[in-house]
Amino acid sequence: MEFLTLPDGRTLEYLVDGPAGAVPLVLHHGTPSGTVLYRPIVDAAAEQNFRVVQASRPGYGASTPHPGRTVASVAGDTAALLDAIGATSFVTVGWSGGGPHALACAALLPGRCVAAATIAGVAPYGAEGLDWMDGMGAENVEEFSAAVAGPAELDKFLTEAAKPLAGVTAADMVAAFGDLISEVDRNALVGGFADYLAESMRAAVSHGIAGWREDDLAFAADWGFALGGITVPLALWQGDQDRMVPFAHGRWLAEHLPSPEVHLAPGEGHLSLMDNFGTIVAGLRRHVDRLS
């Protein structure tokens, strides 16, 4: 783990893995999660000559909390991190709760972001024509209802929800996800992937619930940027068996993002969709190569 002091004095923890000097692939983790690298993701990125750069959002791990942050806030932190590692341009991928943060980087860092992809990314809360919680598992409905109710209710929910995650293991993951996973996602929770998810959950709550709280409040508020202002190439991936971020979120984003490359995948869930990571980063590589 490496640590960066940001211009406002906050600390940002991050990891870099992959070919030295390669174009960074800035990976935005889900919610809740911490900075843990999964070797198949790093290897898939390296095959396309990308180095993975992942930071813990404020409040996760050793990254200083940033109360009141918006989704857009990630762009400034990402720019500072890229400056610190000596990178001018980058591509970005956001999975789940990382999806909006990848979109923020695409919208707000267009001179540096070459291309972006979202994997099972959440849509804006209150989006016209979208029943935001319809199709979510019971745990997410309860969590985001608390987020909409305000910080006090959310703190009460997250304090209890975090307790079992502090020591969660791979063997616990199916039970930990509860109503949030479909059958295809249960089948994906095996081997190293289950170990990775358990480790990322433990990392998420290792310093408390501040990061989780700040993420949820940011999702339920104005994101701080316009989706219609994204000009860089963008790929959108969403499965129809997803009970964490329902399929309707992907359809809504497909209709409201400017000219995305859309992959609405039948039979895929929230977790199983990550099996497509190699294909996703190969698509990003094509955009980089077009600029060479």
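Modeller: Let's go with helix H8: in this predicted model, what covers its buried residues includes helix H1 (39-47), strand S5 (90-95), helix H6 (173-177) and helix H7 (183-188). H8 itself runs over residues 191-204, so to speak a stretch of 14 residues by the definition of a helix used here. From first C-alpha to last, H8 reaches 20 Å, close to the 20 Å expected at 1.5 Å a residue. And who is tucked away in H8? The buried residues are Phe193, Ala194, Tyr196, Leu197, Ala198, Ser200, Met201, Ala203 and Ala204.

Now follow two of those neighbours out into their loops. The loop between strand S3 (23-28) and H1 holds Pro32, and a cis peptide bond joins Thr31 to Pro32, with omega at about -10°. Ser96 isn't a glycine, yet its phi is positive, about 60°. Why are these spots worth a second look? Because most residues other than glycine have a negative phi, and most peptide bonds are trans. Is Ser96 buried or exposed? Buried means under 20% relative accessible area, and Ser96 has 11%, so it counts as buried.

Ala120 has a positive phi too, about 55°, and isn't a glycine either. You'll find Ala120 in the loop between strand S6 (113-119) and H4, and it is buried, with a relative accessible area of 0%.

Definitions and conventions. Residues are numbered from 1 along each chain as its sequence is written. This is a predicted model: local features need pLDDT of at least 70, side-chain atom pairs count only at pLDDT 80 or more; totals for chains, interfaces and linings use all residues. Side-chain values use heavy atoms; hydrogens and water are left out. Helices (H or I, at least four residues) and strands (E, at least two) are DSSP runs, numbered from the N terminus. The expected span of a helix is 1.5 Å times one less than its number of residues. Buried means under 20% relative accessible area, exposed over 50%, partly exposed in between (1.4 Å probe, protein chains only). Contact means heavy atoms within 4.5 Å.
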